[in-house]
Each structure stands twice: as structure tokens, then as C-alpha cells.
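User: Could you walk me through how the chains of this model meet one another? I'd like the cut-offs as we go.

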4 protein chains.
Amino acid sequence: MSGQPKTIGVGLLGTGFMGKCHALAWQQVAATFGTTHPRLELLADVDVEVAKHAAQQFGFSRATDDWHSVVTDPAVDVVSITTPNGLHRPMAEAALKAGKHVWLEKPMSSTLDDAQALVDCAASHPGQVTILGYSFLRSPAFQAARKMVAQGEIGTPVCIRGVYDEDYCANPELPWSWRMTRAQGGLGALGDLGCHLVSQMCALLGPVTEVIGQTHTSITTRQSPDGSKPVENEDVASAMIRFVSGAHGTFSTSRVAHGRKCRLQWELQGTDGTIAFDHENMNELWVCRAGEAGFTRHLSGPDQPDFAAFCPAPGHGFGFNDLKVIEARDLIRAIEGGANAGPDFVEGLEIERIIHAIASSHGHAISL
Amino acid sequence: MSGQPKTIGVGLLGTGFMGKCHALAWQQVAATFGTTHPRLELLADVDVEVAKHAAQQFGFSRATDDWHSVVTDPAVDVVSITTPNGLHRPMAEAALKAGKHVWLEKPMSSTLDDAQALVDCAASHPGQVTILGYSFLRSPAFQAARKMVAQGEIGTPVCIRGVYDEDYCANPELPWSWRMTRAQGGLGALGDLGCHLVSQMCALLGPVTEVIGQTHTSITTRQSPDGSKPVENEDVASAMIRFVSGAHGTFSTSRVAHGRKCRLQWELQGTDGTIAFDHENMNELWVCRAGEAGFTRHLSGPDQPDFAAFCPAPGHGFGFNDLKVIEARDLIRAIEGGANAGPDFVEGLEIERIIHAIASSHGHAISL
Amino acid sequence: MSGQPKTIGVGLLGTGFMGKCHALAWQQVAATFGTTHPRLELLADVDVEVAKHAAQQFGFSRATDDWHSVVTDPAVDVVSITTPNGLHRPMAEAALKAGKHVWLEKPMSSTLDDAQALVDCAASHPGQVTILGYSFLRSPAFQAARKMVAQGEIGTPVCIRGVYDEDYCANPELPWSWRMTRAQGGLGALGDLGCHLVSQMCALLGPVTEVIGQTHTSITTRQSPDGSKPVENEDVASAMIRFVSGAHGTFSTSRVAHGRKCRLQWELQGTDGTIAFDHENMNELWVCRAGEAGFTRHLSGPDQPDFAAFCPAPGHGFGFNDLKVIEARDLIRAIEGGANAGPDFVEGLEIERIIHAIASSHGHAISL
Amino acid sequence: MSGQPKTIGVGLLGTGFMGKCHALAWQQVAATFGTTHPRLELLADVDVEVAKHAAQQFGFSRATDDWHSVVTDPAVDVVSITTPNGLHRPMAEAALKAGKHVWLEKPMSSTLDDAQALVDCAASHPGQVTILGYSFLRSPAFQAARKMVAQGEIGTPVCIRGVYDEDYCANPELPWSWRMTRAQGGLGALGDLGCHLVSQMCALLGPVTEVIGQTHTSITTRQSPDGSKPVENEDVASAMIRFVSGAHGTFSTSRVAHGRKCRLQWELQGTDGTIAFDHENMNELWVCRAGEAGFTRHLSGPDQPDFAAFCPAPGHGFGFNDLKVIEARDLIRAIEGGANAGPDFVEGLEIERIIHAIASSHGHAISL
């Protein structure tokens, strides 16, 4: 492509919630951040008609129902993997082996063994970038919080309390699905939600040294076309967490919390101040430094990281899909030789070891 | 282009805050909503180097410093106009006369005469669509509110109280600019902010019959390189408003409100319920119907209009730039023969007549 | 009573909502603030059995159904008047003429003539204290706000927007009562609620020079045992207000606002900062000074006026009945020669002139 | 006292924060609730001048510096004990042995042995009422929540997450005091704050079966006149809690949480709904029942238990001192033969066993 501006060839696996979200991010990242332009090359869905329709809508040049052909396509430089968790390992391994960079939705896999295998595979392809879809880490408010903590603005972190609650399984009439099995779904609330909370806690406080967890399934059976079936993974999980730094915290996550939609919420208390955040109001960060009269509401604006590329006006509102554009920018930067903004597979494994430890703790301390 | 899928050719005038916002919307609208794909053809900026750079970043094929060439370009079907207010009339007139559809940022113009001229011009080109950039009307929460009111869920509207406050001129050290002149800037807070509040009030309550307004300039001079110069337009404006329906309301807007960033906030009280909204938390709508215990927080989600096209998960957060994607969809729909979701130039003139009446009222009632 | 500590003899007229509130305040004021101890001497209610029961419960020594005997009782030094508005004038005049101090619930009267007569009567008894029951002025948060404004912490006030909404008349099934007549009830929402908002606006911004108001009755008839009867006073009233200082504001009050219970809410914007308050969260004051990142939540605590006498611990919660204890302390201070914390009858008349002007404005400016 | 209405003689030990709070409650309880009237007989403080002054201010007939004379005074029927924790046991035992009812501030004692001794002593005086000062249980909003849970309105409780944070020790310059010793102060944040959170959790969810806790002291030494001294008890404590019912929860409390003043906050999730509460906004209860659009704000009003006795108007604001009036009413009811609204000493011991178990857990499960 001499004479042409450099571009990056993109393949996409999956066209659902996250598939569309990746597609939109690929479309906007260059205009938003002035990065190299992605070329939307090839998209796969198990249903070829769905694939064709999605390719047309999302602006991909070609469509297929054979994901193998995506990961080996010569025009593809990077593969977005947004399929169900059970498919993550084979797809990501194949992509790495074919020399592609990988953008993988979280969690890496349903089992720690599979996650470890992905780490090993990535380690044997050191020139290729891996990044995981921990979107919530990218919000300007969260980045601002992380920066404040890193710069010591709240002193030494003492204690964090975090929850991530939704209500997508709160209705007992919701039918049984494979997501509620250990074999195919893996963990329940911990895998869907809890890993996001862990990712934020670790980004703020560093590595974890110990967890003591407990889990609970409040709706133990659900209806399927074949009759009532057991729910095999947890609806709710809680834990105490100790960090290497000496800080500690409480952790809880639920997928059956009536009224909670995206309550990824925490409060971090340090020796010189407190920060509080709730993703349901993702444009607000609440900060109280030592000696101040109370908590101050920081509305997201161009003074927070990455906001200005979207909008120069404070308070106008950053959205969920914008997070993914930042993630795409981070990925492109890493591909082009910049630092990996993470989490890559190595960091992702650390997060997943924590949620699996919580799941298997049954009230006993597990060292990490 | 026989054999090719239909597309729409786009020209863009201006590459600042709103120019980038339009560009991003044009890039996403097809992927988000499955509309006809826009072709980003030609972009103009007064500085040709800026134009070239923006075209490269935003994904436009060509760049120019001659806006006339954009509005007459044969590959361009629709022109996005995001330049300073004083340029709106000549650019929009030229585009209409060249047979283009027009997407114009608000307000239509600095003067009512110019706005009227634009209405007249549009009337003589009835096959061409005009739409104004009243982004805030597009938020799922606002659309949901509007629908509730239209369906009578809060009964007959009785009273509305609204404000739109920002603090972008609150610092007296902010230098003088042409925006603070009547000739070039037109109105002050009313033109920048107040028209948005009027657009929401009218969308909820229908046409206005009378206003009684007052204005105030709290920082009367500002520094320019040529020394201190007068601020000619208002920092603050307030009004009482009467609607044809019999409802009434209070209205206030300020560009010097310390701490307010995008507080487009109102409360509408009806005979059977109350709705409250504040764009600084644009994903929350507060509703209390007759007999209910109190206000309920409705977090934006796929149950609100247009949300699901962006994200199937409630509470994850709609953002400001997403509003413009909806606006682009509304425009394409109208171009392709659907109803105009408005405001078009005719409705825009009604809005501007109201803010100009407030500006010239000096405490006397003005009929509309 | 030589040799005895000084005490103050109290008479109480009325035993309803405000009667009980006064009684509780009289009981606590000495223990709370270390004032002279009140003696609860004599209480009157139109129903002698109610009076006897209330006297026993409230700790008054004697009861009567003859209010005249209270205002002339030699053991009574000060009379609390908490009866319906129509009785305020005769009772307060009689008390003043009998040499008593008067604590009168707001508004002073249903008509301006009666209010003026009370001012005249008070003027001819200059040694006797009058104080009106504008309880909301006494909250530590409001006092703190007033002090901030007086000390110039937000610079020169520019603009205020205020509402006071409740929903006690929102239900159309609520039967007709004398409160809905002009003759006996006087004003509607303005008299019950609006005068409180005016009292706060004037306390913050000083005297008013002009109002332009409008009123609306949204439920025009209500059922009585004698059939449907007209509602003669306003459900909703709005206004623009100009202050002598040059500041201006919007004002609105409703007694039919579904979901609002005690929303006495305002935002005051000055050249150096903004303050916001809502009595429904009466322990929160929101302040943003020029240059600060956003609004800071000041929870009521001992750093705010008068809080520490109730509780040394911040954030524990000040309540409505506590307001009246401060009012009783203010009254006792004035009786014992301190400054009158107001509003006395003279200031009260100013407030009532404003609400009557709003009521009779019909959209025309009225100078005050 | 034949021919006289029945009264209750009150003795008060301690005249600080809680001493004044008890005094105010005794003064208002009859007027508020129509109970038997208390006679404020005798008050003790270690400093006789302080005692005399307080007696005069609070309306007690007599003062002493000898607490023994209070608990044995024949005119005293009930003793309010508001002295430092180390004095609770001898004072309460002496009062019980002298035949008095006892109103004791929490916690019962610094050690579980002392608390057990108090339970034993109370058991041997079965006709005498004991009640502990768990004021926060009395708020109308909390009572309403408790009632909702008891009536099954949120189904079966699944999970609770609670914190109680203040910042009274957050400043490292705060000098050392005896409160920071194990011998005299006992527990730290758990004893001051955590026991309140446990009291609310148990009131909502019933008895606890197991805790796994951890504690942390973030400011390990403080200055005294004799130089730097160690802080012996915890600044922060966290735990997982399992309830007999099968529900579980997380628990955390801090006395060094910058910006938190009285954040006694929890969210209880059940199979049919969620309830959330924060005492810093003690007049708000947030409820979402299954199928509702989101959380509804219930402002305290006469529809909640005990509110109407203070004020018939919703939203006007219940305060901290009002809680103690309800507690006094509960005590009088129990003295006069009604059910004990609790917590009495037996229930209090259960609460204290839980906080001591958290303090000594060091990450190991402790059964209760």
C-alpha cells in the first residue's frame, strides 16, 4: 500500500450487543482521535444472512459464517471477538496463531484453564497486542479517579467498598438459558458483572493478595422448553478483599437486584480524601479531600482524560458507546508501538483468578 | 450508480465543536440505525490546512477553503452547516438554491429578518429537507417525557418551570469576543442556550401565545487586544411564558452561572402527574403520577425511544454525541420521504421569535 | 416572683398543626439554648374539651374556650397565635392592646388592609415584640446561605430562581373548604406557600422593587356537602421579581404539584458563586464558588448557625420542629432587649404586599 | 400522689451530647405523644457546677456530683445513663438493684463480660425495663422499611450491603484520647458506629449466624500531652455476615472516612424488591418493587410510623433529636406494661457479640 496512508484491517466475530458496539467504535476511532483509519474488512456470524445484513449495516466489506476465515484473512490485522464466552479461547488462539492482534470481550473464558491457555498463547506471540473489553475502565470520570489516586490526591488508600448490581435475572419468569450452566456459562454474576468491579478495584488499588468470598443462587430453577432446570451458577456473590498495599475492601455483585441497571458503584477512602463513583451516573465523580466541607460533584468535561476528543463542552454527557471508542484508540496505540493501556491477557487472568477465587471460597480465605 | 446500494452525499461546513459532532454522526448513523449510508464527500474550513487535516481525520474524501464549492458540488446531496451564526443565512440559502438538503445548527441566524429569509427560501424549495440542530430534543429521556405528555399520562399540563444554565462566560477574565456583539453574535445566553429550552418547552406544551421577559448583562465589559470593550448582549434572561393551551411557565437562562455546565432543567406539572428532567443527568427522568408515593427515577434504557439502537442494556449511559446520530437518522428519514421530526426552518423561526421577544420585552407582555 | 429565676408566661391560641409546634418549641427552648424558662400558662381552643385535653398533653396549666381571656391573662407575657388566618387580626390586636408580645403564624392576614392594621397597632405598642412564623428562615442551612451572601462569598447576586411546591390540593377529590374562598382563605398557594419563598428571597436579596405575576386555578370547582362550589383562589402562581439591588428572579408556587411535599427550592447565582437549596433535603446546602470544580454538598452541622445547640455531630439531621425552637429563642431574645431576628409585622407586611401584588398583577408590572 | 395524674420520675447521668439529647426527649415526649408526663427530678455530672448549670437549663429540679444518689433517689423511677462506656456497667447495675428502669446509651459496655453481667443483672430484675439508645432504629423511614420487609413487600431478603462512616477521627492532628484505648474505649469504629449498623441489619433480617471480619487502624499513633501514644482500637472494620434466614451481606464501618458525617447507609435486596436508605438523608427511603420502572423516593411523612405525632405535613423534615422522643415513648410504653420495642439488654448483647466477633475474627469465620 505504498503511497496510501496506513490503515488497519479489522475482522469482527459476533454481531450482537458487543459486536455492534465494536463496529461503532471502529467506525469512529479515527475521526474522534485522529488515529490510523481502520478498514472494516470481514465480519462473521453463525447465520450467514445475519452476517450479510450486519456487514452491510456496519460498513464491513465482506461477510461470512466461517469464523476461521476471518482470523486467517490476509487483509485482517486485528480481530474483535464478541462471541459467547465458550468460544473465546479457540477464536483468540486461532487469531494469535494467524498473527493477528486480538480485542477480546471479557471474561477471557469460562474456566481458568482456558484463560491460562490464552495467556500462554499470547506469550508465545509477543509482537501481537491483546486487549480485553473492560469498557468501564475507560470512562473519563473513572480515569480521572484513577489519576487522582495515582497522584496521591487522597493519600494512602485505606478502604474500598464496591458493588456491581443489575437486575437482568431478577424476574423469576426469565427462562433458563445456557448462561446459567457452569459448563457453558461459567460463573454467573461474577463473570458478567463482578469482573468489571474487580478490574476497577485493581486499577485503583493494585494487586490483590487474598479474598474471602461467598456466593448465593436465589432463583435455583428456571423454566426451559424441556421443563424446569437448575441454575448452576451464582446470582449473588460477596467478598472481603485484601490488597498487597495493605488496603482492604468489601465487594458484592448481583444479577437479581431489582431496580439496579448498571450500578457499578464504589467508594474509596484514603488518608487524605474520599472518592465515590456510580456508573449509573457515569458523568459524575464525587470527591472530598481532607479539610473540605463535603463532597464535590465533578461533572465530566474536557478536564478529564479523553473527554475533549468527543466534545469540548463540560456536562454535556459522555455515553457508554464512547467508552469503546477509547478502548479502540488504546488498542491502536499499542499496535503502533505505544504502551498497552490494558488489561491485556496477563492482567485479565489476574482479574479472573480473583472472581474464581471468590466463587470457590465458601467463606475461607484464598491467597492469590 | 446503478447496481450500487443507494447512498447520500454529504458536505460539511465548519470543523469545530459542531463540525466534528456532525462528522461523527454521519459516520455512525447507518451502522446504528440501518439507514442509507452517507458518503462523506467534501468538507470546508476557512483555513485550507485545517480543512485538509479535518477531512483526513473525519473520513471526508475532499477538502476546500471555499464553502461555495461545497454547496454546489454535484456529489453532495445534503449540507451540514456548523459555522458561526452570521454565516448561516448565506450558506443555507446557497445550499437550498443549489438543490441541497440542509442540516443547520441553531440558532438559524442572529436576526429574525435573516431567519425569516431562510424560511422563505426553504418554502420556495419544498422538495428539500431542512432540519435544525436542536440535539437535546433527541435524547431518549426527553423523547420519553414528550411521549408521556402527548399520551396524557400526566393529564393536562398546568405549569412548567425551566432553566438552561452554563458557566462558560462566568469568569470575568474571559476575553471579549465577537460573540458578545449584537451585530455578529446576535443574542447572548438566549441564542446559545435559551433557544434549546424553548425548543423543549414547545415540544412538550405546544405553541406560545405570550412572553414577558427581562434580560441582564452582569459583566458589562471585557478585555480585548484593543482594550476594554462592551458586552452588547445578555448574560442572563428570564421570562414568564403563556402557552396557547392555557398552561404557563417560568423560563430563565444564564451563561454566567458558576458551577452549571449543561443544566437544561425543567419540571412540568400536570393535573395527573409531574415530570422532571435535567440534562446534566441526561439518563434520568423523574416521574410522579397522581397517587404515587413520590418521584420514580427512570434510567434511560431500551424502553425509551431510540435507545436500543445504541445499546440493549438499560442504565449503561446515553451520551451527547449519540443525540446527533438520532438527528442524522431523522434527517435521512425525512429526505427519503418520511415525516420531518423537526424542528425544520418553520418551527425554528417560531423558537427564535420567542427568544427575540424575550430579549426585547423589557418587562412588557409581547404576543406571539 | 422575687428570688425566683425570671420566667416568661405563655398563652397559646389554637391547638392544631402549628399550635402543637409552638407548644413543643416553648417546651424545649430553655433546655436547648439556655434561655429564660417559659411558663406554659393558658391555652385556648374553640372546643373546650379539645382545649382541656391539649393543655394536659402540652403541659399548659390552664385551658379555655375563650381566647379573649388568654390575651388578657395577667400571667401571660406572650401570646402564640396559630388559628386560621381570618382570626389573626382581632387576636393579635387584642393581645397587643393588652400589653402582650405576639408570635403570629404567617400570613398576617387574608387581606392587606388587615395586615396594615396590624402594623399600625404594633407601631402604637413599640415596647412589645412581634414576630411571624416564617420557620423556614431559621434552618441552619438557610442561615448559612444567608450569611454567605451577606459576607459576599458569592459576590454580587445576579439572579434567583425559586419555587415552593406541595401537592396537598393536587387530588381533585379533595373536598371544598373555606380555605378556597377569598373572603375567609384569602390567597391560595401564594398565602400558604408563596409567602415563605418570598421571605427567603428577601432575606437573601433585600427589598423588591417590582413584580409581574400571573395566577392559575387548575381545579376550579370542588365538592362540598352542599354540592359543587367554586375555588376562588389560585392553585398556582408565577412571577418575575426585580430587587432594589438590581438582581432579578423567577418565582413560582403550586399547591397542586403531584409528588412535591415541601419543595421550597431556589438557586441564587452571584458574580462569584452559586448557592442552591431545597427544603425537602433541608440538611443540604449546595455551593459552588468561582473556580471550583463543581457544587459541594454542605451537610448541616455545628459549623452552621444554631445547629450545635441541638446536636454536636454533623450530618445527624436537623428537623422541622427544631426550626420553631430557634424561632422561640429569637422571640425571647427580642423580648429581653436583643435585636428582632424578624420578620416582625413591618417586614411581614412587605412580604404580603409582594404576594398580593403577584396575585393582582395579571401579567402587568406592579411597583412595590 | 393520689388525685394527681400519674407521672414518671427521671434521673439523668451525664450532661454531654447524649445527656442533653435525653433531657430534650424527656421534655417533649408527653406533649408529642400524649404519654404520662415525666418529672425531671435529679441530674448528675462529675463537676457539680456543670451539674447545677445543666439542671437549671434542662429543667431538672435538683443536681448532684454523686451518681449513686441519683440511682437510689426515691423520686426517681427511671435512670438515663449517658456517661462514657466504662461507667455503663456499674451505673446500670446500681440502678437495677435500686429498683429503677434503665435507659442506657449504646454500646452497653467496652467488654462482652460486662455486657453479659448487665444482661444477668437485668434478668434478676424482671419487672424493670431496660432499653438501649439505638436511636437510628426509630426514624420513620427506617421503621417504614422494617415494616415493608416484615410484611413481605420485597419478598425474601437475599442480600444486604451496609456501611456506617463518619470522619470524626479522619484528621491525624486529632489528639490521642482514652477512647482510643482498649481498656477504657473498648472497640473503635465498631463500638461507636458499627453497632448501629448491626442493629439495623438485625432489625431487618433477624439473627446472625456467622461473621468473617477484619479490622484496620490507619492512624496508628496520635499526640497526647505526654507525647505520641498508640491507637489501640480499629479505625475501620469490615465483615461478611450470614443470617439465620439464609441471607448474607457485607458490612463496613469507618471513623476516618473524609467527608462522611453520618452515613449509616444500606441497600437490602429481596426476591421481590429492593430498599435503600442513608441516614445523611434520613427523610428519604428509596424503594423499587419487582416490575417497577426504577427507585421511588419516599419522603418521610405521616404515612410512616410515628411521623404524624410530630408534624402532619409530609416532607417537612424529621430530625435526629426527634428520634430520641420516640425512644422515650417506647420506654414509657414498656414501663407501663406494653411490649418492649427494644433493643433491651438481651438484644443489645446480641448486637455487641457481633461487633466483638468482627473485631476478633482476623479473617476467620466466627459462629454466633
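Analyst: Between chain D and chain A, 44 residues of chain D are in contact with 44 residues of chain A, contact meaning heavy atoms within 4.5 Å. This is a predicted model, in which local features need pLDDT of at least 70 and side-chain atom pairs count only at pLDDT 80 or more, while totals for chains, interfaces and linings use all residues. Residues are numbered from 1 along each chain as its sequence is written, chains are lettered from A and ligands numbered from 1 in the order in which they are written, and side-chain values use heavy atoms, with hydrogens and water left out.

User: How much area do chain D and chain A bury between them?

Analyst: About 3200 Å², with 52% of it on carbon and sulfur atoms; buried area is the accessible area (1.4 Å probe) that two parts lose on being put together, summed over both. Gln214(D), Met240(D) and His258(D) supply 21% of what chain D buries against chain A, more than any other three residues.

User: And how many salt bridges across chain D and chain A?

Analyst: The rule finds six, a salt bridge being a side-chain nitrogen of Lys or Arg within 4 Å of a carboxyl oxygen of Asp or Glu. One salt bridge joins the side chains of Arg263(A) and Glu267(D), at 3.9 Å from N to O.

User: What is the make-up of the side of chain D that touches chain A?

Analyst: Its residues divide into 15 nonpolar, 21 polar and eight charged, where Ala, Val, Leu, Ile, Met, Phe, Trp, Tyr, Cys and Pro count as nonpolar, Asp, Glu, Lys and Arg as charged, and the others, Gly among them, as polar.

User: Switching to chain C, which rotation superposes chain A on it?

Analyst: A rotation of 180° with 0.0 Å of shift along its axis does so, at an RMSD of 0.0 Å, and the two copies are thus related as by a two-fold rotation axis. The superposition is by least squares on the C-alpha atoms of residues with pLDDT of at least 70 in both.

User: Which residue of chain A comes closest to that axis?

Analyst: Thr296(A), whose C-alpha lies 2.0 Å from the rotation axis. The same surface serves both copies, as 100% of the contact residues of chain A recur in chain C.

User: What do chain A and chain C bury?

Analyst: About 530 Å², of which carbon and sulfur atoms give 60%. On the chain A side, Ala293(A), Thr296(A) and Arg297(A) lose the most area to chain C, together 55% of what that side buries. The salt-bridge count between chain A and chain C is zero.
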